[in-house]
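Subject: The structure, and what turned up in it

Hi there,

Here is the structure I promised to pass on. Have a look at it first, and then read on for my notes.

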Amino acid sequence: MNSQKKQKTINLLTICIKAGKTIKGFDTVKDGAYEGKVQCILTACDASPKTVKEAVFVCGECGIKHFSTELTKSELEWLCGKPTAVIGICDGGFTKAFGKFLGSSQ
């Protein structure tokens with residue numbers, strides 16, 4: 001595991017959360033993606049294969065990026081205060097920044 005990449009993800013995600021540019025939870029993220037609010041979807045490294053498959057499907061349907069992170073569900077919960085394996089990013093600049101070091105699985 002690349003701890004520098006993980007730390008960059010934590011730092012950027014913390015800024016996104018403080019800026020109010022995130023949506024948490026699969027159903028809410030999915031709805032936001034279909035409404036055009038979500039620019040990319042992040043998934044936890046220990047998210048279920050079904051959750052990841054559905055997130056990738058939503059990304060394909062909406063023409064947005066999907067990024068797998070090295071963060072666990074419990075780490076995401078610690079960061080955002082809600083148990084979740086999926087986070088939607090609602091800002092193009094943050095999406096571009098995540099893409100620079102996470103790359104796309106799409």
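A word on helix packing to begin with: axes are lines fitted to C-alpha atoms, for helices over the stretch in contact, and angles run from 0 to 180 degrees between N-to-C directions. Helices (H or I, at least four residues) and strands (E, at least two) are DSSP runs, numbered from the N terminus.

Please keep in mind that this is a predicted model, in which local features need pLDDT of at least 70 and side-chain atom pairs count only at pLDDT 80 or more, while totals for chains, interfaces and linings use all residues. Residues are numbered from 1 along each chain as its sequence is written, and side-chain values use heavy atoms, with hydrogens and water left out.

**Helix pairs**

The axes of α1 and α5 lie 10 Å apart, at an angle of about 175°. The two helices α1 and α5 are therefore roughly antiparallel (angles under 35 degrees count as roughly parallel, over 145 as roughly antiparallel, 65 to 115 as roughly perpendicular and the rest as oblique). From α1, the residues Lys-5, Lys-8, Thr-9, Leu-12, Leu-13, Ile-15 and Cys-16 meet Phe-94, Ala-97, Phe-98, Phe-101 and Leu-102 of α5 (contact means heavy atoms within 4.5 Å). Sorted by type, the residues of this contact of α1 with α5 are 9 nonpolar, 1 polar and 2 charged. Here Ala, Val, Leu, Ile, Met, Phe, Trp, Tyr, Cys and Pro count as nonpolar, Asp, Glu, Lys and Arg as charged, and the others, Gly among them, as polar.

For α2 and α3, the axes cross at roughly 10° and come within 9 Å, so α2 and α3 are roughly parallel. On the α2 side are Phe-26, Lys-30, Ala-33 and Tyr-34, which meet Thr-51, Glu-54, Ala-55, Phe-57, Val-58, Glu-61 and Cys-62 in α3. This contact of α2 with α3 divides into 7 nonpolar, 1 polar and 3 charged residues.

**The core**

Which residues have the most contacts inside the largest nonpolar core? They are Leu-13, Ile-41, Leu-42, Ile-89 and Phe-98, in a core of 32 residues. A nonpolar core is a set of buried Ala, Val, Leu, Ile, Met, Phe, Trp, Tyr and Cys residues joined through side-chain atoms within 4.5 Å; buried means under 20% relative accessible area, exposed over 50%, and partly exposed in between (1.4 Å probe, protein chains only). The elements that give two or more residues to this core are α1 (3-18), α2 (26-34), β2 (40-43), α3 (49-62), α4 (73-80), β4 (86-89) and α5 (92-102). Of these, α1 gives the most, with 5 residues.

Not counting residues up to four places away in sequence, Leu-13 touches Thr-22, Leu-42, Leu-71, Leu-76, Leu-79, Ile-87, Ile-89 and Phe-98.

Val-29, in helix α2, is buried, with a relative accessible area of 0%. Leaving aside neighbours within four places in sequence, Val-29 is in contact with Ile-23, Lys-24, Val-38, Ile-41, Val-86, Ile-87 and Gly-88. In contrast, Phe-57 in helix α3 counts as exposed, at 52% relative accessibility.

**Salt bridges**

How many salt bridges does the structure hold? There are 3, a salt bridge being a side-chain nitrogen of Lys or Arg within 4 Å of a carboxyl oxygen of Asp or Glu.

- Glu-75 and Lys-6 meet through their side chains at 2.8 Å, N to O. This pair links distant parts of the chain, with Glu-75 in helix α4 and Lys-6 in helix α1, 69 residues apart. Lys-6 is buried at 16% relative accessible area, while Glu-75 is partly exposed at 24%.
- Glu-35 pairs with Lys-37, their closest N and O atoms being 3.2 Å apart. Glu-35 counts as exposed at 53% relative accessibility, and Lys-37 as partly exposed at 47%.
- Lys-50 pairs with Glu-54, with 3.8 Å between the closest N and O atoms. Both lie in helix α3, 4 residues apart, about one turn of the helix. Lys-50 counts as exposed at 58%, and Glu-54 is partly exposed at 31%.
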